[in-house]
Amino acid sequence: MNQTKRSLLFLSLAALTSWGLAQSDKPLNVLFIASDDLTQSIACYGDPIAITPNLDRLSDMGVRFDNAYCQIPLCNPTRASLLTGLRPDTLKVYDLGRHFRDEVPDVVTLPQLFRNNGYKSMRVGKLYHYGVPVQIGTNGLDDPESWDQVINPKGRDTEEEHLIINLEPHRPISGALSWLAADGTDEEQTDGMIATEAIELLRENKDRPFFLGVGFFRPHTPYVAPKKYWDLYPMDEIKMPYAPENDRDDIPKSAFAHNNPVPNYGLPVEEVLKAKQAYYANVSFVDAQVGRLLDAIEDLELLDNTIIVFWSDHGYHLGEHQGVWQKRCLFEESASAPMMIFAPGRKGNGQASQQIVEFVDLYPTVASLCGLTPPKTVEGKSIVPLLDRPSKSWKGTAFTQVLRPGDGIPVMGASIRTDRWRYTEWNEGEQGFELYDHSNDPGEFDNLASKPEFAGIIYDLRKNLRANVSGKVPDSPFNPARL
């Protein structure tokens, strides 16, 4: 479909949705798209250098949530939480190895709910946790009860790992700043193959109700994508984020992830900037695959009866706070992540919402949009009202936590985010606490927690936080080496 036709289609769609008209009497399908380790490095989220025309296009189609928060900034537990609608403290999943059914064997997952109600439930790529890159092409830590059909592509990226540049050879490429500007086409890479397989499933199932989960592996390390995406980001455009010189002086040691104890891993700035360039190249690569899915939805005439959801499992650091990288933190960049929802006929389509929402909210929201009743045990709340009125008063609150191995003594971090404040405790304050005023300090540079004038605010935030999230190290099993 050419750009002129696409623009006319979007204009027609916008005209209909602005009146809140139903597009069709057909059952609503769900295209559930996940990206791995993608922070808000997307143009429509305000990133000044990101080239992401297709995610911007999805934002223009649906409702973009600018303040969406994961429950734990680590792949396995956050995905388990989102897909079950249950918080980590309920699932007792805090590490990369434990399966959520170990604690709640009878939970009905989101795709399983659709499967139980006559939908064909399908997965291509990473929806539940996979070790990247070692488990690409396998089922990973999947959940068989969730799916009628699964496809696990494995591309040339897994065959060319010997070519990958690793800035930290003592670490495996799965967790190090590592990358490859690859030869070949998009379709030869695992994520390109995922898009191809998903498009074929859309074609095969377009005449029956479906729930299709499509999980891209990038921009998770190693950052592997075709060379052409590097050309979008000249090195002179890649900068370290701003931080005041004394930024770390008032931040407790526990706030910095155990895999990133020193700024920039002790590497030269010019080297980590090359990794940042590679990250952005991978973002644009994933964006192109999302574009292929959107084109297929249009070409197959599924746009009027298909909900499209895009999310990343958590945020990601790209050098903030004088050199923090990757995840496992409770700063804004780790805790927040992209979330977009296009639902045909919703009045809010084409707008952005600034309200605080959580990943556990996706389960009841998607179920409700399709007329399905989620289990009463689901701990999120439907945000369907925000799809009609994105600026509606919401009084949302987000809870995010992370478990760390510590220096021989595990550390639990727990954080609450309101429309103004972020308050964080480490082992219930024994190893530090933080308070940031987002009205005046969106970069979280000034920790107010030790200032007496904020004692009353801290009291209220702490009470709310501890009523919803445990700040204690759990008694349930976890593997410190997999945190």
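Two strands pair if DSSP finds at least two bridges between them. The figures below show close-up views of a predicted model.

**Figure 1. Strands β17 and β18 are joined by five bridges.** Strand β17 covers residues 411-417 and strand β18 covers residues 421-426. The two strands run antiparallel. Arg417 stands opposite Arg422 in β18. In general, strands of a sheet pair through backbone hydrogen bonds, either parallel or antiparallel.

**Figure 2. Four strands form an open sheet in the order β16-β17-β18-β19.** The pairing in this sheet is antiparallel. Strands β16 (398-404) and β19 (433-437) stand at the edges, and each has a single partner strand, so one side of each is left without a neighbour in the sheet. From one strand to the next, the twist averages 10 degrees. Helix α12, residues 455-468, packs on the sheet and touches β16, β17, β18 and β19. The direction of α12 makes about 65 degrees with that of β18.

**Figure 3. Arg422 is found in strand β18.** Is Arg422 buried or exposed? Its relative accessibility is 1%. Buried means under 20% relative accessible area, so Arg422 counts as buried. Met235 lies 187 residues from Arg422 along the chain, and the C-alpha atoms of these two residues are separated by 34 Å.

**Figure 4. Helices α2 and α7 are oblique to each other.** Two packed helices are described by the angle between their axes and the distance between the axes. The axes of α2 (residues 53-61) and α7 come within 7 Å and cross at roughly 50 degrees. Angles of 65 to 115 degrees would count as roughly perpendicular and those under 35 degrees as roughly parallel, and α2 and α7 are therefore oblique. On the α2 side, the contact involves Pro53, Asn54, Leu55, Arg57 and Leu58. These residues meet Asp287, Ala288, Val290, Gly291, Leu294, Asp295 and Glu298 in α7. The residues of this contact divide into six nonpolar, two polar and four charged.

**Figure 5. Helix α6 has 15 residues, numbered 190-204.** From its first C-alpha to its last, α6 reaches 21 Å, close to the 21 Å expected at 1.5 Å a residue. Which residues of α6 are buried? They are Thr190, Asp191, Gly192, Ile194, Ala195, Ala198, Ile199, Leu201 and Leu202. The elements that cover these buried residues include the strands β4 (120-125), β5 (149-151) and β8 (210-215). Helix α7 (269-299) is also among the elements that cover them.

Conventions:
Residues numbered from 1 in each chain as written. Predicted model: local features only at pLDDT ≥ 70, side-chain atom pairs only at ≥ 80, totals over all residues. Heavy atoms only, no water. Expected span 1.5 Å × (residues − 1). Buried < 20%, exposed > 50% of the residue type's maximum accessible area, 1.4 Å probe, protein only. Contact = heavy atoms within 4.5 Å. Axes fitted to C-alpha atoms, helices over the stretch in contact; angles between N-to-C directions. Parallel < 35°, antiparallel > 145°, perpendicular 65-115°, else oblique. Nonpolar A, V, L, I, M, F, W, Y, C, P; charged D, E, K, R; others polar.
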